[in-house]
Amino acid sequence: CFMVFRLFKRREKKKPSIRKKTVFSLGTLAVILVLSGVIAILEYRRISDYVSDLISSNIKSIALSQQLSDITEEYNHQMLAVVIQNDLSLMPDFNKDYFMSHSDTLKNSITAESTLPVVQKVDQSFDRFILTSQKFDEVFLADTVDTGEWFFGTLQPAYNDFCHDMNELNTAIHKELHDNSRNFDSSFYRSIIPGVVCVCAGLLLVMLLMYFILSNYVNPIYKIAEGLNSYKATGKSYTYVMDSEDHLADINAGVTEIIEENQELKLRVKRLKEDK
């Protein structure tokens, strides 16, 4: 009864499945590689969208500052034409609301805190220039003030201050654009680091998986085949023993048993021939 129980228990014992081991190993490798790709793509998209928005804001700021400069320059040239031609009817009508709306849009497009003080300087210098220019009619009509001297001595310095502050703002915006472009390059390399790490881990797993398959399956199969060929060629006994308990070990045990039975059968046939 005890022997029957041991045989029954041995039959019921589930052996490790080569198929399950292989599927699990390859599946784990596939999951790691897929995750690495997804992480790298998501991280790159996040960094790319963030920096792209910053660069887009910088480009918008440059366009707005250039537009404000052009508006003010055109206004200054038109007032200069009034001085040169001595004709007050040529006095332009400056649309301050249009200018201020563009100025507010420029403030909102600025992303760097360090640039905001420069924007405030531009607003202050523009206010001084506009307030000075609004006295142009009074100066032009006054007999005691030379319009040309007032224009070049009072109004033009205010305009030059505005141009200086606007150039300073453009320099700050271009610097910000340069920094954001450089940060985009460094952020790109940072975003692919997780993917590189996962790919390296995947390659390491490939090497480990290859070693596992070679040591546990490929090499034993070669040794089984070598033992069989040696037995068929020279009749040498099959002595390969496997320590594992999977299906390949069952195959090796079966081959060993078959060869031993074959050897015993050959020995009986030989004895029968000798007895005759």
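Arg-268 and Glu-264 form a salt bridge in this predicted model, with their closest N and O atoms 2.9 Å apart. The two residues are 4 residues apart in helix H7, so about one helical turn separates them. Glu-264 has a relative accessible area of 40% and is therefore partly exposed.

The whole structure holds 3 salt bridges.

| Salt bridge | Closest N and O atoms |
|---|---|
| Arg-268 and Glu-264 | 2.9 Å |
| Glu-168 and Lys-121 | 3.1 Å |
| Lys-121 and Asp-165 | 4.0 Å |

Lys-121 forms a salt bridge with Asp-165, and this pair links distant parts of the chain, with Lys-121 in helix H4 and Asp-165 in helix H6, 44 residues apart. Glu-168 also forms a salt bridge with Lys-121. Because Glu-168 lies in helix H6 and Lys-121 in helix H4, this pair ties together parts that are 47 residues apart in sequence. Shared partners join Lys-121, Asp-165 and Glu-168 into one network of salt bridges.

Lys-121 counts as partly exposed because its relative accessibility is 35%. Glu-168, with a relative accessible area of 30%, is partly exposed. Asp-165 has a relative accessibility of 8%, which is under the 20% limit, so Asp-165 counts as buried.

The structure has 5 aromatic pairs. One of them is formed by Phe-126 and Phe-162, which are tilted, with 5.9 Å from centre to centre and 55° between the planes. An angle of 55° falls between the limits of 30 and 60 degrees, so the pair is called tilted and not stacked or edge-to-face. Phe-126 belongs to helix H4 (residues 116-133) and Phe-162 to helix H6 (residues 147-234), and the pair links distant parts of the chain, 36 residues apart. Are these two residues buried or exposed? Both Phe-126 and Phe-162 are buried. Elsewhere, ring pairs link Tyr-75, Phe-129 and Tyr-159 into a cluster.

Helix H3 (residues 96-109) contains Leu-106. With a relative accessible area of 2%, Leu-106 lies under the 20% limit and is therefore buried. Which residues is Leu-106 in contact with, leaving aside its neighbours within four places in sequence? These are Ser-61, Leu-64, Ser-65, Leu-68, Leu-169 and Ile-173. Ile-62 and Leu-106 are 44 residues apart in sequence, and their C-alpha atoms are 8.7 Å apart in space.

The surface has a nonpolar patch formed by Val-31, Leu-35 and Ile-39, whose accessible area together is about 250 Å². Ile-39 is part of helix H2 (residues 18-85). Its relative accessibility is 39%, so Ile-39 counts as partly exposed.

Helix H7 (residues 247-275) has 29 residues. From its first C-alpha to its last, H7 reaches 42 Å, close to the 42 Å expected at 1.5 Å a residue. Which residues of H7 are buried? They are Leu-248, Ala-249, Asn-252, Val-255, Thr-256 and Ile-259.

How values were computed: Residues numbered from 1 in each chain as written. Predicted model: local features only at pLDDT ≥ 70, side-chain atom pairs only at ≥ 80, totals over all residues. Heavy atoms only, no water. Phe/Tyr/Trp six-rings, centres within 6.5 Å; stacked < 30°, edge-to-face > 60°. Buried < 20%, exposed > 50% of the residue type's maximum accessible area, 1.4 Å probe, protein only. Contact = heavy atoms within 4.5 Å. Expected span 1.5 Å × (residues − 1). Patch = residues over 30% accessible without salt bridge, like charges linked within 9 Å, V, L, I, M, F, W, Y side chains within 5 Å. Areas by Shrake-Rupley, 256 points an atom, 1.4 Å probe, with all protein chains shown as cover. Salt bridge = Lys/Arg side-chain N within 4 Å of Asp/Glu carboxyl O.
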